[in-house]
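Let's get to know this protein through a few questions and answers. Have the sequence and the 3D view ready as you read.

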Amino acid sequence: MPQTVPAPADASPSGTAAPRQTKPRKVPRVVVLGGGTVGLYTARRLRKRLGKREAAIVVVDPRPYMTYAPFLPETAAGSIDARNVVAPHRRALKGVDVLQGKVSQIHHAERTVEITPEEGEPYWITYDHLVVGLGSVARTLPIPGLAENGIGFKNVEEAIALRNHVLNRIDLASSTWDPELRKRMLTFVFVGGGFAGIEALAEVEDMARVTVKYYKAIEQDELRFVLVEGSPRILPEVSEELGGYTLEQLRKRNIEIHLSTFLSSCVDGHVVLSNKTEFDAETIVWTAGVKANPVLQNSDLPLDQIGRVTTNAKLQVVDADGVVVADAYAAGDCAAVPDLYNPGKFCPPNAQHALREGNHLGDNLARVLRSAEPTEYKHKNIGAVASLGMYKGVAQMFGRIKVRGFLAWVLHRSYHVAAMPTFNRKIRIAAGWTGSILLRREVVALGALHDPRAEFREASVPPKPRVVEPGEKDAAVPAIKAEPASPAKSRQAKSAS
Ligand SMILES: Cc1cc2nc3c(=O)[nH]c(=O)nc-3n(C[C@H](O)[C@H](O)[C@H](O)COP(=O)(O)OP(=O)(O)OC[C@H]3O[C@@H](n4cnc5c(N)ncnc54)[C@H](O)[C@@H]3O)c2cc1C
C-alpha cells in the first residue's frame, strides 16, 4: 500500500540554506513532483519495473488525487460524478510514498526540494533523481474585474463549483421578479474557444437547458450563453471544417459567439467586449489557455521563454545548449518536449501526450537505474475527440477521419473511459452513465456545499432575549422584564393602571 508519510526521516526544516545530498543512498530515491497525469503514470510504471530494493519513489502533490481533466466538462454537466474523475493516490500508487504538500523551491544542484504543507512548517527533502510533472495553471491577463468575478476551469473543485453556481443561478432567477437581476443571473460567459472552453460551454449549456424544463417560471430563450474567442476560429486542435461544423452547431443552439474578440473588462459583473458589446453576467468562466506551473521560477532548472522546463526527446532535462542536466527529467504541460513527428515543434500540452510521456519516463528511469540508456519518446497524434453535450460531439482521428454528432460522442466517451486511470474508476463512470440513461441525470444545485458552516454558525448565535412587557402572559422566553424607560414613564404607567 502507498504510505502518506509526514516527511522522510532525513527531511530537514526549512531554513535559509538548502541541505545538500551528500552520501549515496543504498536505495536511490526518485522524487516525483506533481501527482497528476505525468506523475501518476511515471510512478506507477517505475514501480512496476523496479522493486522496492531498486528504487524508493516519493510523489509530492498538494492534492491526494490525480484528476483526469478531459472529463471535467462532463463533471460540470453532472454526467459524471465528481468523485469518479479523480484517481486517489492512496489506491492508485501502490508501493509509493505520497507527501501531501506544495513544492515551493527546487535546488537541483543540491538535489533537494522544499515542500510546503497546507499546515505546518515547510521542510526540505533530498533525492537522487527528480521527475518534474507540475503541469500548468490558467493563463490569465490583467483584465479589470477578472480576478474578482471570473472562475477557471482547470480542476475538479472548479468544475463542481461551476455546476453548483449555474444551477443555483437558475434556482434564484426563478424566484426573482426583478427583470434586470434575472437577466444577469441567466447570462453565462465563457472566454476561450479551445477544447476545454468549447466542451465546458457546450456541456454546461446542455445541462442548463435540461434543468430549465423543470422550471415553469423560466423560458428557454431567457438563458443566454456567450462565447468570447480572440482568434477568428474555434477548436484549433481539429480541422477548419470540423471547427466550422462545431460553430454552426453551437449557433443553432442559440449560443452567442464573438470571434476575433477579447474580454476588455468585467468589473462587478459588467462585461465589456472589445467589439463594444456590453452586458451584465454573474458567471464568467476563463478557459483561455494555460501556462507552465509558475513554481518552476523558484528552481535552478533550465526554462524556456514561456517558463517550461526544457528537455530532449528522452525526457531528460537539458540546458539551452542541449547539454543534459544529470538526474533530472520532466514531461507534460510544464515541459518543452520535442515532437519527433513534427521537427522543430514541441508536444502539445494534452493528456494524450502527458499520459504516454509518463509511462515512457517510468520506463526510461528504470533503464537508467539499471545502467541502461534511456530511449526517445515518439508519439504520433492520434487525433482529438470532443463532447458537445449529451449525444453530440466532434472527432478527428488520425488526421483524416472526421466524425460528428452521435458517433463522435460515443467515440469521445469510449476513448476517455479507456484512458481513465484505474479499473475501479472506469467501472464507476460506465455504471454512472448507464444509471443516467435509465434515471436521467441529476440537476439539483448543492450551492450550500461552498459554505457548509453557514447554517450552523447562524444556529450557534445565542438568541436575543425577548423583551417581556409588564403584564404580558404566556412568555416563552421570559428572560428580561421590560423596565420602564424612565421614572416619568413609570409613573405614567402606574397611574394608567
Ligand atoms: C477542462 C480540461 C479539459 C481537457 N481535455 C482534454 C482532452 O480532451 N484531451 C486531452 O488530451 N487533454 C485534455 N486536457 C489537457 C490535459 O488534461 C493536460 O494536458 C494533462 O492533464 C497534463 O498533465 P500533467 O501531468 O502535465 O499536469 P496535471 O495532470 O495537471 O498534473 C499536475 C499536478 O501537479 C500538481 N501540482 C501543482 N502545483 C504543485 C506544487 N507546487 N507542488 C506539487 N504538486 C503540484 C497538481 O495538483 C497536479 O496533480 C484538458 C484539460 C482541461 C483543464
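Predicted model: local features only at pLDDT ≥ 70, side-chain atom pairs only at ≥ 80, totals over all residues.

Q: How many helices and strands does the protein chain have?
A: The C-alpha trace of the chain spans about 105 × 55 × 45 Å along its principal axes. Counting its secondary structure gives 13 helices and 30 strands.

Q: What percentage of the residues in the protein chain is buried?
A: A residue is buried if 20 or more other C-beta atoms lie within 10 Å of its own. In this chain of 497 residues, the buried share is 40%.

Q: Among contacts between residues at least 6 apart in sequence, what percentage joins residues at least 24 apart?
A: Two residues are in contact if their C-beta atoms lie within 7 Å. For the protein chain, the share of these contacts that join residues at least 24 apart is 67%.

Q: Which domains does the domain assignment give, and how far apart are the C-alpha centres of domain 1 and domain 2?
A: The assignment gives domain 1 (3-138 + 291-369), domain 2 (146-288 + 383-447) and domain 3 (462-496). Between the C-alpha centres of domain 1 and domain 2 the distance is 31 Å.

Q: Which element gives the largest share of the side of domain 1 that touches domain 2?
A: The contact takes 27 residues from domain 1 and 30 residues from domain 2. Elements giving two or more residues to the domain 1 side include strand 5 (65-67), helix 2 (72-76) and helix 9 (351-369). The residues on this side divide into 19 nonpolar, 5 polar and 3 charged. The largest share, 5 residues, comes from helix 2.

Q: Which of the residues around the ligand come nearest?
A: The shell around the ligand divides into 18 nonpolar, 11 polar and 5 charged residues. At least three of its residues come from each of domain 1 and domain 2. Elements that each supply at least two include helix 1 (37-49), strand 4 (56-61) and strand 8 (102-107). Of the 34 residues in question, the nearest are Gly-34, Gly-36, Ala-69, Gly-135 and Gly-332.

Q: Is Lys-276 buried or exposed?
A: Most residues other than glycine have a negative phi. Lys-276 has a positive phi of about 80° although it is not a glycine. Lys-276 sits in the loop between strand 18 (270-273) and strand 19 (278-280). Because Lys-276 has 8 C-beta neighbours inside 10 Å, it counts as exposed.

Q: Is Leu-315 buried or exposed?
A: Leu-315 also has a positive phi, of about 70°, although it is not a glycine. Its place is in the loop between strand 22 (309-310) and strand 23 (316-318). Since 29 other C-beta atoms lie within 10 Å, Leu-315 is buried.

Q: Which residues does Val-417 touch, not counting residues up to four places away in sequence?
A: Val-417 is found in helix 10 (residues 406-419). With 17 C-beta neighbours inside 10 Å, Val-417 counts as partly exposed. The residues that Val-417 touches are Lys-426, Ile-429 and Ala-430.

Notes:
Residues numbered from 1 in each chain as written. Domains from an automatic or database assignment. Helix = DSSP H or I, 4+ residues; strand = E, 2+ residues; numbered from the N terminus. Nonpolar A, V, L, I, M, F, W, Y, C, P; charged D, E, K, R; others polar. Buried ≥ 20, exposed ≤ 12 C-beta atoms within 10 Å, placed from the backbone. Near = placed C-beta within 6 Å.
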